Amino acid sequence: MAEICAALVILGVTAYAVFGSADFGAGFWDLTAGGAERGGRMRGMIQRSMSPVWEANHVWLIFVLVMVWTAFPVAFGSLMSTLSIPLFLAALGVIFRGMAFALRGQAATINEARVLGAVFALSSVLIPFFFGAAIGGVASGRVPVGNAAGDLIDSWLNPTSIAIGVVAILTGAHLAAVFLTGDAKRADLPDMVAAFRKRAIGSGIAAGAVALVSLFVVRSDARDLYDGLTSGDGLVAVLGSALFGLLTIVLVAVGRYGPARFAAAAAVGAMTIGWALAQDPYILPGALTLDDAAASDTTLTALVVSVGLGMLVLVPSLWWLYRLVLRGTLDQEYEPLDQRFRPVDS
Amino acid sequence: MTAMVFAAEQVRGVLEGAPQPDAVAARQMQALSLAVHIPLVCFGIAFPAMFLFVEGLYLRTGDPVYKALAKRWSKVALIIFATGVVTGTILSFEFGLLWPDFMATFGEVFGVAFGLEGISFFLEAIFIAIYVYGWDRLPRRAHILTGVPIIITGATGSAFVISVNGWMNDPQGFEVVNGQVVDPVPFSALLNGHVAHELVHMYLAGYLVTGFLLAAYYARRWLKGNHSRYTRTALVVPLTFAALAAPIQVVVGDWAGRKVAENQPVKLAAFEGVYRTEEGAAFHIGGFYDSGRNEVRFGIKIPYLLSILAHHNPTAEVIGLESVPPEDRPPVNIVRTAFQTMIAIGTFLAALGVFFIFIWLRKRRLPASKWFFRALLVAGPLSVVALISGWITTEVGRQPWIVYRFMRTEDAVTSASNLEIAYVALVAVYVLLFGSVIWLLRRLAARPPEAELEHHG
């Protein structure tokens, strides 16, 4: 039962790492799109793509929190208290980001849009960093059992955390670029296809390279994690991730944007699974195993049954939403962000 | 009866952090976040029913005014939902950030409820997106049907959260052996003795707050001379929902009060500032509780009324604060003031609702007096005050316990330092958040309703 619950947590983390960080990645491209006029088309595309789905994408985060605190309460209490600083900052970022994104849709002047866009984009970059840093703290064994028993700073400001934080930002950017290329194609905007295609390939290479570098960082900072990632099942997952990453880049390069979406998602999925396998059987490496952390069997069974029944409704609904989105049924009119503020006849 | 208060064995937190007698910053942060989130929840409970009702009118009559209104409201609902998503995320973070030992010790008992809530919330996010972005893109009948899950999930989601709150007030579904929580039975925890009345009370509150806030907004337009059919519909629909809910809430409030008298006698004693356990207890309106003299001073005393309210019997025994040691008593004046505020506002809202329904049934029109609309202007914000007061009553009334009679709030709080900094940051962020939401809604309102009927791409 503990394994099933752990698998559900990993599923949630993967889903959030795919959908959530794609949204954050969109914020990254928003940030780097250039001046108001030059970046206007790109920002309009991002706004249009994200609007219908960002709330649903975000709920995965809540799903993960709830699963962990129910199935592994001691681990949850320990890591939330020790990692309170990055997690609080990420939570604040979540507020800023949601708020700024929603507001920008209603901005009436380019200056309003600019300020709100900056807030949206900046927090989009900071949130994955803080989440990545928190994961780094757990994975490198810096979270002991107890109420804020670990170091409040070093637990997330350390080489492994920083490396994972940067990888999280770049992965998100890559995912977003891949997804947006497909969306731009559907919207029949060849210039946007070209722009995001370029970014998808570039960020894919960058993410792969940084992931490789961070493997060496992990080697010197958290040897156990490194050993887990480079042997047995962990190694298979890491290689799988690399393979899917390469496949994504190839698919984007040859213009197969639909399958590229899935390959990119698989690369991220393999990465989170690799992390889980690398620290198996621990939930807090060096401090707490999965089995010791697990709630009683009654609770785990109740949780699995409830979530399982819920999934029967949830999965078709989610599938329907994404199908409506991918078929363009929910597509809004495309409008470059800066153009909204120009008189119609100019 | 009195002995029951001492029955439970206290639980040792599994994380065993240093006890922090000063949990004030953490409690303030939690209270602030809840106060921010709960009014948004009200909209989640009640608003979908209102805009679907209006869309139903549109499908029946084909009148574009109804369509414009339903569409506009659904956009407002999306903005409020998005805000609720972020404030709700903050809350789930805070459970762990502020109360790690509460979660570590009891997470396995009540967590399943949140698992179900998470799924409801997920479905709500999916269908509200399909509904709002599906206007003019889905067939008309399919479109209104996509709104139905929003109503259902809005209800179930809050039901699960309320069941956890009910559980904190009436903990069950676990055993305590040597200070450790064992044998959790999650579904038994979910179906505790408080969930039923808390649920109904909160649902009606959802309709009251949403209805009266919307009515207040459109009453302001009405007073400014905008008597269009659009404004009239936008005023009458939410007002009718709220007016029907208000009198029922009085009855439900009585039921909730009797439940508290039964299960949490000390909380009830705090509602009323009753120190000595006595038969035929009196009810005091206003005044304050003097903890030196252990009595309510300067209040209007109504003999026997408290016994009647609490037990429907004028000579029934009401248990006083003296039944437990001072460290087990909640802060009486906060609880009592909140309680009285809620009752006073609830009575006013019920009277306003009954008046509206009376005029509507007799004359089939809105009351003519400007004073009615001015009263609505006040009723909107007051309904929020009553809502928050109600939550203060039940939450502060439960103190010093986070899990009633099993775990003290101060034993659950985080050992991490510098909560004050986080608190200040959070206040600033909420001010900014609400400023922005209001700005956004005003921006939306500035567009004429007809804009909703233009077809795009």
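**Charged residues and helical spans**

Biologist: Is R297(B) buried, partly exposed or exposed?

Modeller: The relative accessible area of R297(B) is 22%. Buried means under 20%, exposed over 50% and partly exposed in between, with a 1.4 Å probe and protein chains only. R297(B) therefore counts as partly exposed.

Biologist: What should I know about the model and its numbering first?

Modeller: This is a predicted model, in which local features need pLDDT of at least 70, side-chain atom pairs count only at pLDDT 80 or more, and totals for chains, interfaces and linings use all residues. Residues are numbered from 1 along each chain as its sequence is written, chains are lettered from A and ligands numbered from 1 in the order written, and side-chain values use heavy atoms, without hydrogens and water.

Biologist: Which residue meets R297(B) in a salt bridge?

Modeller: A salt bridge here is a side-chain nitrogen of Lys or Arg within 4 Å of a carboxyl oxygen of Asp or Glu. The N to O distance is 3.3 Å, and the partner is buried at 15% relative accessible area. The partner is D290(B).

Biologist: Which residues do salt bridges with shared partners join into one network?

Modeller: By the salt-bridge rule, the count over all chains is 17. Shared partners link one network, made of R142(A), D154(A) and D221(A).

Biologist: How many residues apart in sequence are the parts that E452(B) and R72(B) tie together?

Modeller: E452(B) and R72(B) form a salt bridge with closest N and O atoms 2.6 Å apart. E452(B) lies in the segment after α13 (419-446) and R72(B) in helix α2 (residues 64-98), both of chain B, so the parts tied together are separated in sequence by 380 residues.

Biologist: Are E452(B) and R72(B) buried or exposed?

Modeller: The relative accessible area of E452(B) is 2%. For R72(B) the value is 7%. Both E452(B) and R72(B) are therefore buried.

Biologist: How far apart are the closest N and O atoms of E452(B) and K75(B)?

Modeller: K75(B) is partly exposed, at 26% relative accessible area. E452(B) forms a salt bridge with K75(B), and the distance is 2.9 Å.

Biologist: How far apart are the end C-alpha atoms of residues 115-140 of chain A?

Modeller: An unreviewed UniProt entry lists several spans of chain A as "transmembrane region", including residues 115-140; such annotations may be inferred rather than shown by experiment. This span is 96% helix and 0% strand. Its end C-alpha atoms are separated by 37 Å.

Note on methods:
Helix = DSSP H or I, 4+ residues; strand = E, 2+ residues; numbered from the N terminus.
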